[in-house]
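Q: Could you take me through some features of this structure, starting with how to read burial?

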Amino acid sequence: RTDYAIDVATTGAGLAPGEQERLEGWFRSIGLAYGDRVMLDGPEGATVSDVAELLARRGMSLAGAAPITGGQIPDGAVRVVVSRSQASVPGCPDWS
């Protein structure tokens, strides 16, 4: 599993101005796609609906509790964590 994290600024009414665009750009840069799990860590409040709205545009939704990540979340921010898992079976399929 690989975890990606970004801290975004919040206000009492949700994401701070410009943060939706920054978060959307980050989603694009990491190639957010079906199968990725997106979670929030830190004070949430109205931020949940803002992030959920961005994900809904991609046909995705927020997952459960975020995994433990390094560093502290700055005051007035929330951490968005994307977890991506990949499975493989060596030698499969082997049609020889």
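A: W26 is buried, with a relative accessible area of 14%, where buried means under 20% relative accessible area, exposed over 50% and partly exposed in between, for a 1.4 Å probe and protein chains only. This is a predicted model, in which local features need pLDDT of at least 70 and side-chain atom pairs count only at pLDDT 80 or more, while totals for chains, interfaces and linings use all residues. Residues are numbered from 1 along each chain as its sequence is written, and side-chain values use heavy atoms, leaving out hydrogens and water.

Q: How many aromatic pairs does the structure hold?
A: Rings of Phe, Tyr and Trp (its six-membered ring) pair if their centres lie within 6.5 Å, with planes under 30 degrees apart counted as stacked, over 60 as edge-to-face and the rest as tilted. The structure holds one such pair: the rings of W26 and F27 have centres 5.9 Å apart and planes at 45 degrees, so the pair is tilted. F27 is buried, with a relative accessible area of 0%.

Q: Which residues make the contact between helix 1 and helix 2?
A: Contact means heavy atoms within 4.5 Å, and helices (H or I, at least four residues) and strands (E, at least two) are DSSP runs numbered from the N terminus. The contact is made by Q20, L23, E24 and F27 of helix 1 and by D50, V51, L54 and L55 of helix 2.

Q: What about T10?
A: T10 is found in strand 1 (residues 2-11) and, at 21% relative accessibility, counts as partly exposed. Leaving aside residues up to four places away in sequence, T10 touches L15, A16, T47, G76, A77 and V78.
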